[in-house]
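Me: I am new to this model. Can you show me how to read it, one feature at a time?

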Amino acid sequence: MTMMFTPLPEKLWNRTLAAHLLNRAGFGGTPDQIDLMVAMGPDKAVASFVDADEEGDLFPAPRMVEPSLRMEFRRRMKEAPDEFARREIQRELQHADTISMEDLRVWWLNRMRYTSDPLREKMTLFWHGHFATSNQKVNDPWLMLVQNETLRRNALGKIPSLLKDISRDPAMIRWLDLGQSRRDHPNENFAREVMELFSLGEGHYTEQDIQQAAKAFTGYRIRPETGEFRFEEKDFDSSEKSFFGQAGPFTGDDIIDMIVARPQCARFIGRKLWTFFVSPEPTDDQVSDLAALLQANRLDIKPTLTTLFRSAAFFSPKAVHHQIKGPVQWMIQSTRMLGIPLSEARVLEASLSSLGQVLFAPPNVKGWDGGRAWISASSLLYRYNLASYLLSGKARILGGGNGKVAVIPLGEIAPAERRTGPDELLDHVAFRVFNVPPPPRERAAFLTFLGKKPAPYSDDVVRDLLQIMMGTPEYQLT
Amino acid sequence: MKRPSPRTLHTRRDFLRTSILGGALAPTVPLFLEKTFLCLDSMAAETTGQYPTGKDATILVVLQLAGGNDGLNTLVPYADDAYYRARPRIALPRKEILTLGDYAGFHPRLSALKSLYGEGHLGVVQGVGYPNPNRSHFRSTEIWQTASNADRNESEGWLGRYFDNCCGGSDPSSAGVAIGGQTPQAFASPTPKGIAFTSPQQFRYMSEAANDPAAADTFVREMNQPSDAGAPSLSENSGGSIGMIDGPADDMGSTMEFLQRTALGARMSSDRILSILRKGTSPVSYPASQLGNSLNLVARLIAGGLPTRVYYVSQGGFDTHANQLPGHDRLMTDLNAGLASFTADLKAQGNFGRVLLLTFSEFGRRVAENGSAGTDHGAAAPLFVMGGGVKAGLFGKYPSLTDLQDGDLKFSTDFRSVYATALENWLGAPSEKVLGRKFPLLPFV
């Protein structure tokens with residue numbers, strides 16, 4: 001074990017650090033949930049994430065067009081009396097698929113919102129960005145759901161098993177053209193990206209390695225009637241391949257074993273994990289340390305994160321409150337912090353699209369850039385207005401329609417005894433919103449705002465205070 | 001890079017204090033605003049020799065025809081029998097074509113474009129595409145937006161790379177404005193610069209949601225600007241109180257600075273855009289369509305002197321798989337009317353000579369019609385360039401209708417030659433830096 005991951009001294013454990021764990025390993029929480037973590041102490045708090053109860057995490061998947069029903073649509077299209085009838089059936093299927101995708105996104109967002117196993121959802125989101133498969137090309141919501149479940153099942157597991165499962169994942173097979181890869185005409189798309197994007201990064205393999213690996217990944221097919229993976233022996237190229245300087249009649253799984261054996265794999269994934277959980281642009285030493293930790297754990301995510309989350313490095317001042325919230329994180333963390341349900345589907349769809357993170361539709365094979373790329377003048381204004389919308393339900397803000405106002409538990413956010421004076425109210429509410437004490441400039445401005453209002457403060461004042469707190473650059477950080 | 005004289009800088013700073021920020025920020029002009037001046041000034045020195053105040057710099061408007069416009073029914077090869085053989089149901093009658101020479105001519109609804117062509121303000125680049133064409137909307141749009149090779153996945157947009165190469169840390173609206181709900185991938189860059197909005201009413205902080213809108217507005221204005229020099233931000237300050245771990249929170253300043261800079265930029269561009277639009281409406285009427293509204297907005301922003309040099313608008317609905325004729329007719333009518341109004345508006349403003357409008361679509365369509373009187377996804381297609389500075393004419397060559405590649409036209413001009421020409425000869429930007437390599441330039445500007 002390296003020096004890097006010396007545990008945080010227990011005596012330093014406090015509300016801000018407990019909130020940091022909640023925010024990074026999950027999607028945040030209320031002051032009550034933070035206090036619960038404080039009471040547990042750091043060991044049990046970390047364990048509550050890495051050993052969470054996944055059994056109790058029941059979220060029945062939405063209904064969608066299953067493979068058998070899709071086959072039925074195809075049959076009807078084939079037997080349609082003319083082109084126009086065929087187009088009509090196709091439109092019917094497209095309509096069903098559009099609704100399925102919306103349901104699927106809302107289902108996952110609600111799962112993130114209410115899960116009893118938040119780290120699993122957080123890692124599923126990490127892997128979704130890593131494998132970056134978009135329904136824009138896959139064009140089958142059912143397959144997107146199946147991939148989501150594959151990512152969730154492997155979320156905290158071993159990287160080699162995950163890579164093997166993902167190579168057999170029907171949505172991935174379609175996304176990177178693996179289904180068209182034949183013995184006589186191997187398609188290199190998956191072979192390239194499995195190394196460039198999923199495990200090693202550019203520059204750690206040759207073009208010849210790609211061509212040889214492409215031969216090994218032949219014969220991967222999808223059964224149309226069930227939407228399941230099947231291996232087509234006759235399309236598989238069983239000839240000898242030469243990969244990373246070794247020769248043999250390698251299969252796709254053999255290739256993955258050779259890839260993950262490279263120290264670079266732990267570095268590549270370690271760097272992404274550090275960026276996702278700790279801080280942007282890790283130093284080479286930090287990457288090396290996390291890579292060593294991954295290797296010591298045989299590329300198993302769960303023990304790796306257990307050590308990372310318990311470490312002093314994870315709670316460094318360079319990490320705490322230094323990360324720009326992604327749109328999904330912003331949305332889930334805001335509703336958890338306020339103690340309100342997610343908005344209706346229409347609002348979720350419109351806002352995550354405007355903010356640039358549509359689930360199951362990452363912008364390209366590299367996934368979301370994250371960090372500063374989340375923030376533009378337009379998206380920042382949109383975030384401010386979305387916060388106002390969550391608090392006021394005034395639908396004009398999102399361009400019309402009838403907004404349903406969520407009932408904000410203002411009595412719980414600011415109990416009567418906290419409403420007697422500006423300092424009492426401010427510090428209480430600011431901790432909930434920011435999880436760190438407000439700096440002088442912000443504090444002074446909040447106080448000026450409250451100074452003009454009569455105490456004890458009304459619900460309207462508390463609501464406005466929340467709104468202006470969420471309309472700051474500070475609130476974009478977690 | 002030529003540095004502006006201190007005198008110039010001083011004047012610019014005064015200008016900013018008084019005209020853009022009003023009194024709000026008078027005592028301290030943040031560092032990034034000074035960078036904006038330096039940048040604008042050096043751009044001016046390198047390119048036009050003039051300071052682009054918003055009244056004199058050249059402007060590029062990119063118009064996306066989303067869905068894959070049918071190039072063959074847009075610039076119709078009316079003299080080619082192969083066209084009529086391939087499209088027995090949807091070929092446009094020869095006598096209705098607005099001819100340009102003896103081989104091809106415009107769709108009958110493109111009368112204004114025909115006139116512009118005659119006046120010398122419209123060029124058509126023929127057979128535009130790229131090697132190994134991709135027929136997926138998603139992927140081919142991405143290729144056009146990132147200007148990448150078909151076998152490479154890039155995430156930055158070509159205009160985003162232009163912004164990065166030409167101008168750091170400026171007011172975001174001076175880089176690019178897209179009319180639409182999402183920033184186009186063409187604008188994508190590691191630190192996003194342009195802005196995007198569907199309607200300007202949405203591109204502002206909506207304080208009316210608060211119970212006390214005036215107080216909320218004042219607060220948000222105060223808080224969304226860079227902190228005074230030396231004043232610790234939330235996170236810097238909190239390092240001591242939360243940070244049991246030693247070591248200063250040194251990189252925080254930059255993330256916070258970035259957020260504050262973006263927030264102030266958002267406020268500035270929002271204020272400026274709304275103040276321009278409040279001044280009045282266009283003297284010209286536009287078609288009541290999404291395209292008409294978008295072009296109208298762009299014209300008003302240009303008239304108002306917004307120093308933006310790149311605008312992005314789009315028209316949807318070009319995926320004409322079935323019963324194509326009436327649908328495509330409506331699209332051409334809308335495009336024609338939109339561009340006619342835009343031209344008349346810009347001419348009335350005296351800005352027509354400053355604007356180059358460039359259309360593109362992710363692909364053309366198959367040469368042969370399909371079984372439902374429509375067309376499926378194809379490859380190469382023509383695109384339009386329009387503006388007072390354009391040299392009229394047909395550029396590149398019309399691809400053969402019989403020498404096909406998988407049933408599709410073979411491209412004769414790489415789309416990145418069109419981009420390179422717009423970058424080099426219109427925006428005065430180094431195209432090789434933006435596009436990664438040199439592409440032959442075309443003589444349309």
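Me: How are α4(B) and α11(B) oriented to each other?

Reply: Start with the idea. Two packed helices are described by the angle between their axes and the distance between the axes. Now the case. α4(B) and α11(B) are oblique to each other. The classes are: under 35 degrees roughly parallel, over 145 roughly antiparallel, 65 to 115 roughly perpendicular, the rest oblique. Helix α4 (residues 111–119) and helix α11 (residues 324–349) of chain B pack at about 45°, and their axes are 7 Å apart. Axes are lines fitted to C-alpha atoms, for helices over the stretch in contact; angles run from 0 to 180 degrees between N-to-C directions. Helices are DSSP runs of H or I, at least four residues, and strands are runs of E, at least two, numbered from the N terminus.

A word on the source. This is a predicted model: local features need pLDDT of at least 70, side-chain atom pairs count only at pLDDT 80 or more, and totals for chains, interfaces and linings use all residues. Residues are numbered from 1 along each chain as its sequence is written, with chains lettered from A and ligands numbered from 1 in the order in which they are written.

Me: Which residues of α4(B) and α11(B) meet?

Reply: From α4(B) come B:Ser111, B:Ala112, B:Leu113 and B:Leu116. They meet B:Asn336, B:Leu339, B:Ala340 and B:Thr343 of α11(B). Contact needs C-beta atoms, placed from the backbone, within 7 Å. This contact has five nonpolar, three polar and no charged residues. (Nonpolar is Ala, Val, Leu, Ile, Met, Phe, Trp, Tyr, Cys and Pro; charged is Asp, Glu, Lys and Arg; the others, Gly among them, are polar.)

Me: What about chain B as a whole? How many helices and strands does chain B have?

Reply: Chain B has 13 helices and 12 strands. Of its 445 residues, 53% count as buried. Buried means 20 or more other C-beta atoms within 10 Å of a residue's own C-beta, placed from the backbone; exposed means 12 or fewer, and partly exposed is in between. Take contacts in chain B between residues at least 6 apart in sequence: 71% join residues at least 24 apart.

Me: Is B:Glu369 buried or exposed?

Reply: Count its neighbours. B:Glu369 has 21 C-beta neighbours inside 10 Å, so it counts as buried. B:Glu369 sits in the loop between β9 (355–360) and β10 (381–386) of chain B. Leave out residues up to four places away in sequence, and B:Glu369 touches B:Ala86, B:Arg87, B:Arg89, B:Ile90, B:Gly374 and B:Thr375.

Me: How do I check the length of a helix, say α15(A), and what span should it have?

Reply: The expected span is 1.5 Å times one less than the number of residues. Helix α15 of chain A (residues 284–296) has 13 residues, so it should span 18 Å; its end C-alpha atoms are 18 Å apart, which agrees. In α15(A), A:Asp289, A:Leu290, A:Ala291, A:Leu293 and A:Leu294 are buried. Their cover includes α14 (263–277) and α16 (301–310) of chain A. After α15(A) comes A:Arg298, with a positive phi, near 50°.

Me: How many residues bring chains A and B together?

Reply: 62 residues of chain A are in contact with 65 residues of chain B. On chain A's side, α19(A) gives the most, nine residues. By class, that side of chain A has 29 nonpolar, 18 polar and 15 charged residues.

Methods. Two residues are in contact if their C-beta atoms, placed from the backbone, lie within 7 Å.
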